[in-house]
Amino acid sequence: MAVSSAFAGTKLETLLLGNSAASSPSQIRIFCKPTRSRRNLIQRGWGYFNPAIRCEAASDVLVQTTDKVEFKAASSSLSALEQLKTSAADRYTKERSSIVVIGLSVHTTPVEMREKLAIPEAEWPRAIGELCSLNHIEEAAVLSTCNRMEIYVVALSQHRGVKEVTEWMSKTSGIPVSELCQHRFLLYNKDATQHIFEVSAGLDSLVLGEGQILAQVKQVVKVGQGVVGFGRNISGLFKHAITVGKRVRTETNIAAGAVSVSSAAVELALMKLPESSHSIARMLVIGAGKMGKLVIKHLVAKGCTKMVVVNRSEERVAVIREELKDVEIIYKPLTEMLNCAAEADVVFTSTASETPLFLKEHVTDLPAVGTDVGGLRLFIDISVPRNVGSCVSDLKTAKVYNVDDLKEVVAANKEDRLRKAMEAQAIIAEESKQFEAWRDSLETVPTIKKLRAYAERIRVAELDKCLSKMGDDISKKTRRAVDDLSRGIVNKLLHGPMQHLRCDGSDSRTLSETLENMHALNRMFSLETEISVLEQKIRAKVEQNQK
């Protein structure tokens with residue numbers, strides 16, 4: 001349910017808290033149409049914003065219908081204000097925070113859009129900060145790769161949270177919200193948990209079981225450490241996803257024979273070249289990062305013994321050359337990129353450049369390749385944002401392929417991959433239950449804190465009474481002994497209740513039992529606060545953003 005930006009306004013303060021000057025009269029007058037049910041009003045949002053309802057202070061409670069029937073019930077039942085509080089407002093403030101993923105992937109979104117949405121790793125902390133400054137976003141994480149752009153958040157309201165994040169994505173990418181909505185996918189809570197587990201396990205990749213995505217999920221956690229907004233829920237979700245990814249690869253053979261995006265790129269190039277030219281085609285690799293290194297290794301695995309590698313510096317190329325001693329790897333700086341492209345039949349690009357390295361004007365004057373290698377210079381671009389402009393394909397002497405074109409390669413052996421995926425899903429289902437149980441157990445944390453605070457207030461008050469009776473001349477040692485005694489008694493009394501508020505899987509206690517214990521303790525010790533924790537968070541968010 002959504003909250004208006006007027007949340008911090010006087011009217012809402014009156015309705016939520018019932019303690020402002022406007023709400024001091026004990027009677028409220030409400031005018032409403034009998035044909036519109038309370039449920040319908042709730043479904044439309046905050047009831048008092050509906051034009052069909054007007055609330056104002058008066059000397060009595062008057063419910064006026066079209067039949068003009070008056071009811072004066074100020075003392076016999078809940079006030080109209082209380083009824084309103086327990087409808088839309090109360091439903092919202094008691095809504096549990098949700099884990100939400102707003103995503104655009106290779107399965108739903110063309111590369112042209114994904115490259116506009118891509119966020120470099122160095123910008124992830126800034127993005128988390130901006131996301132968490134939104135009114136209804138409490139925690140956030142960014143997973144941006146060549147195949148996907150996914151925002152994970154803990155939202156105080158699902159509807160408002162999704163709306164705010166989508167608008168933020170539109171603002172940062174320049175893509176209209178309407179266009180984003182055509183391609184995005186939305187997942188909530190258990191579905192969001194299952195999705196990131198599948199992503200980490202390689203089940204959602206273009207190439208089933210590819211290992212690089214697990215490293216990218218690990219990087220999200222590494223970058224997020226210490227970043228305000230990469231909070232307990234999101235951090236726990238991604239750490240558990242890493243565990244799932246490792247377990248799936250260990251306990252199934254999903255990675256056996258699986259190829260990465262880089263190896264699929266090499267396969268695609270060989271598919272497009274005449275088979276007789278595989279051993280003579282001149283290969284150029286631009287970029288010697290993780291993806292580029294894998295391209296080089298897969299080229300070698302396919303029998304390539306000589307290639308040119310263009311990179312910003314020679315250090316990385318030297319490391320690769322040392323690792324692959326039987327292969328001739330020639331290093332060239334970026335300044336010689338066009339000259340190298342002129343002498344290559346196949347050009348692989350995998351750099352982090354945010355602007356294209358090759359445009360139509362760069363390729364137009366390059367000499368044509370021989371007919372023995374197909375007569376077309378192949379550009380295999382596995383970067384997002386793309387390194388090769390789509391305009392290059394307009395030339396009759398060149399052909400451009402990007403990550404979306406790799407689907408042609410990975411379409412083979414579909415049945416075998418589905419069987420492996422089913423094995424992995426059993427593990428994911430088990431791990432999803434464990435994560436949900438852990439997250440649900442967090443609900444008891446506020447009760448634990450309130451119970452301890454309650455006990456501590458009583459302990460301190462009684463300790464002060466005791467010490468005052470003992471006089472001012474008692475020694476520090478005696479004071480400390482009495483203080484230690486009171487702490488010991490409280491800790492021993494709290495030990496049992498605290499144990500029954502924890503559900504970490506170490507004993508036979510179920511989550512439902514733990515939550516029942518939590519509600520029982522809340523009732524017994526009156527630990528429920530007048531304003532919910534969630535409502536406090538929302539109010540703090542709005543006040544922060546109004547400064």
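## Cavities inside the model

The structure contains 2 cavities of 30 Å³ or more, where a cavity is a set of points on a 1 Å grid over the protein atoms alone at which a 1.4 Å probe fits but cannot get out. This is a predicted model, in which local features need pLDDT of at least 70 and side-chain atom pairs count only at pLDDT 80 or more, while totals for chains, interfaces and linings use all residues. Residues are numbered from 1 along each chain as its sequence is written, and side-chain values use heavy atoms, with hydrogens and water left out.

The largest cavity has a volume of about 50 Å³, a volume being the space filled by probe spheres set on the grid points, which are joined across faces, edges and corners. Its lining residues, meaning those with an atom within 4 Å of a point, include Thr 145, Arg 148, Glu 210, Gln 212 and Met 291. Helix α9 (residues 212–224) gives the most to this lining, with 3 residues; helices (H or I, at least four residues) and strands (E, at least two) are DSSP runs, numbered from the N terminus. By class, the lining of the largest cavity holds 4 nonpolar, 5 polar and 2 charged residues, where Ala, Val, Leu, Ile, Met, Phe, Trp, Tyr, Cys and Pro count as nonpolar, Asp, Glu, Lys and Arg as charged, and the others, Gly among them, as polar.

The second largest cavity holds about 30 Å³ of space, and among the residues that line it are Trp 124, Ile 128, Val 142, Val 220 and Phe 230. At least two lining residues come from each of α5 (124–132), β5 (137–144) and α9, and α9 gives the most, with 3 residues. The lining of the second largest cavity has 7 nonpolar residues, 1 polar residue and no charged ones.

## The antiparallel sheet

Strands of a sheet pair through backbone hydrogen bonds, either parallel or antiparallel. In this model, an open sheet of 4 strands has the order β5-β6-β4-β7, with antiparallel pairing, two strands being counted as paired if DSSP finds at least two bridges between them. The edges are taken by β5 and β7 (185–188), each with a single partner strand, so one side of each is left without a neighbour in the sheet. Neighbouring strands of this sheet are turned by 15° against each other on average, direction ignored, with axes that are lines fitted to C-alpha atoms.

Strand β5 pairs with strand β6 (residues 148–155) over 7 bridges, and Leu 143 stands opposite Glu 150 in β6. Strand β4 is joined to β6 by 8 bridges, with Ser 98 opposite Ala 155, and to β7 by 4 bridges, with Val 100 opposite Tyr 188. In strand β4 (residues 98–105), 8 of the 8 residues are buried, so the strand is largely enclosed by the rest of the structure; buried means under 20% relative accessible area, exposed over 50%, and partly exposed in between, with a 1.4 Å probe and protein chains only. In a regular strand the side chains alternate between the two faces of the sheet. In β4, Ser 98, Val 100, Ile 102 and Leu 104 point one way, while Ile 99, Val 101, Gly 103 and Ser 105 point the other way.

## The parallel sheet

A second open sheet is described here, in which 6 strands follow the order β10-β9-β8-β11-β12-β13 with parallel pairing. Its edge strands are β10 (328–333) and β13, each with a single partner strand, so one side of each has no neighbour in the sheet. The twist averages 20° from one strand to the next. Within this sheet, 4 bridges join strand β11 (residues 346–349) to β12, and the bridge partner of Thr 349 in β12 is Asp 381.

The 20 residues of helix α10 (residues 232–251) should span 28 Å at 1.5 Å a residue, and its end C-alpha atoms are 28 Å apart, which agrees; the expected span is 1.5 Å times one less than the number of residues. Because 14 of the 20 residues of α10 are buried, this helix is largely enclosed by the rest of the structure.

Helix α6 (residues 158–173) has 16 residues that should span 22 Å, in agreement with the 22 Å between its end C-alpha atoms. Its buried residues include Val 162, Trp 168 and Met 169, and just after the helix Gly 174 takes a positive phi of about 80°.

Most residues other than glycine have a negative phi, and most peptide bonds are trans. Asn 189, which is not a glycine, has a positive phi of about 50°; Asn 189 is found in the loop between β7 and α8 (190–201) and is partly exposed, with a relative accessible area of 21%. A cis peptide bond, with omega of about 5°, joins Val 384 and Pro 385, and Pro 385 lies in the loop between β12 (377–381) and β13 (398–401).

Key:
On a 1 Å grid over the protein atoms alone, a cavity is a set of points where a 1.4 Å probe fits but cannot get out, and a pocket is an open set with protein on both sides within 12 Å along at least five of seven lines; lining residues have an atom within 4 Å of a point. Axes are lines fitted to C-alpha atoms, for helices over the stretch in contact, and angles run from 0 to 180 degrees between N-to-C directions.
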